[in-house]
Amino acid sequence: MRIVNVAAAQMGPIQKADSREAVVKRMIALMDEAKAKGADLIVYPELALTTFFPRWYAEDRAEFDIWFEREMPNAATKPLFERAAQHQIAMNFGYAELTPDGHHFNTAILTDKSGKIVGKYRKVHLPGHVEYDTKRSHQHLEKRYFEPGDLGFKVWRELGGIIGMAICNDRRWPETYRVMGLQGVEMVLIGYNTPSVNAEKSEEGVEKRLFHNRLSVQAGAYQNATWVVAVAKAGDEDGHPLFGGSLIVDPNGEIVAEAKTEEDELLVHPCDLDATTFGKTTIFNFSQHRRIEHYGLITSQTGAVPPPER
């Protein structure tokens, strides 16, 4: 058995006026709780340091550079890294990254137990739109403030296993998991900030949105025989609700832990990485069963092209 005790650290709302320092104190409190419960790894949400700022429109995009981190760690997050090293807990969290050459990404990092950054991922599947849309109940402007990630879906050998990362909307795309699955991934870490209301279909309701959240994560886990840890930032941020539903899913696609609130909440579960072996060597033994000669459309086109009408 290769047990990794994982702490899924759901975070409640972060308001526009909240400082980075105040948020980091909350993250440290969750980490202290995780340490007391024997965690090896703590997983925080997407954009864990700030409110979900893409809900607001700025004509001058540079005005929103205040939400981006120019280095990591920095003065505000240094205490978090120091506490992780003190506790000997690896961590994963998301933030808005502004690179030295001026690029904007929705980013997540993975550290080892010493607090050293060992992996970085930049969100590939950006949802939403670029310009202000009067037809929506609220704005979702990730395409305005971020560029698509340029690092691909890498995996890293850490904590005695093979770990990958994704962010929010990536969890809905099967390609996300499959590219990592083809690298033998055994645990996928996903942070998300998802509105409780569909901006283009308000009647959908939060229960159906939570259903789709579970469905996406459970399918990705099962079809690639991997653990998936999906962690929300939730609650009412300045009048804009985000749903919670953080969950840990095993390699059979079964939910083993799920959040009950929309506040700061910790889920801890012992994840046996060897539990991935059965699926990877039987029904999802890729080397025996995949038929790549028939998969060309997946990488040769983006939009759907129906057959000609008869």
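I began with strand β13, residues 247-249, which pairs with β14 in the antiparallel sense over three bridges. I keep in mind throughout that this is a predicted model. Going along the pair, I found Ile248 with Ala257 of β14 as its bridge partner, and Leu247 standing opposite Glu258 in β14. The two strands form a hairpin with five residues between them, and in the turn I noted Gly253, which has a positive phi of about 85°.

**Entry: the sheet that holds this hairpin**

Next I looked up the sheet around β13 and β14, and wrote down six strands in the order β6-β7-β8-β10-β13-β14, forming an open sheet with mixed pairing. Which strands stand at the edges? They are β6 (155-158) and β14 (255-258), and since each has a single partner strand, one side of each is left without a neighbour in the sheet. Direction ignored, neighbouring strands here are turned by 20° against each other on average.

I then asked which strands helix α4 touches. Helix α4, residues 174-181, packs on this sheet and touches β6, β7, β8 and β10 (227-232), while its direction makes about 160° with that of β7. Helix α5, residues 206-224, lies across β8, β10, β13 and β14, and I noted that it runs at about 30° to β13.

**Entry: another sheet**

I turned to an open sheet of six strands in the order β5-β4-β3-β2-β1-β15, where the pairing is mixed. Its edge strands are β5 (117-122) and β15 (265-272), each of which pairs on one side only. On average, and with direction ignored, neighbouring strands of this sheet are turned by 25° against each other.

Inside this sheet I followed β3 and strand β4 (residues 104-111), which run antiparallel and are joined by seven bridges.

Helix α1 touches β1 (3-10), β2 (41-43), β3 and β15, and its direction makes about 45° with that of β15. Helix α2 touches β3, β4 and β5, and its direction makes about 165° with that of β3.

**Entry: the two helices together**

How do α1 and α2 lie to each other, roughly parallel or roughly antiparallel? I found that α1 (residues 20-36) and α2 (residues 78-87) pack at an angle of about 10°, with their axes 10 Å apart. Angles under 35 degrees count as roughly parallel, and α1 and α2 are therefore roughly parallel to each other. On the α1 side the contact is made by Val24, Met27, Ile28, Met31, Asp32 and Lys35, and on the α2 side by Pro79, Leu80, Arg83, Ala84 and His87. Sorting the residues of this contact by class, I wrote down seven nonpolar, one polar and three charged.

**Entry: the cavity**

About 50 Å³ of space lies in the largest cavity. Its lining includes Tyr44, Pro45, Glu46, Phe93, Ala108, Ile167 and Leu189. By class, the lining has seven nonpolar, three polar and one charged residues.

Which strands supply at least two residues each of this lining? I found β3 (90-98), β7 (161-167) and β8 (187-192), and the largest share, three residues, comes from β3.

Definitions and conventions:
Residues numbered from 1 in each chain as written. Predicted model: local features only at pLDDT ≥ 70, side-chain atom pairs only at ≥ 80, totals over all residues. Heavy atoms only, no water. Axes fitted to C-alpha atoms, helices over the stretch in contact; angles between N-to-C directions. Helix = DSSP H or I, 4+ residues; strand = E, 2+ residues; numbered from the N terminus. Parallel < 35°, antiparallel > 145°, perpendicular 65-115°, else oblique. Contact = heavy atoms within 4.5 Å. Nonpolar A, V, L, I, M, F, W, Y, C, P; charged D, E, K, R; others polar. 1 Å grid on protein atoms, 1.4 Å probe; cavity = no way out; pocket = protein on both sides within 12 Å on 5 of 7 lines; lining within 4 Å. Points joined across faces, edges and corners; volume = space filled by probe spheres on them. Pairing = 2+ DSSP bridges.
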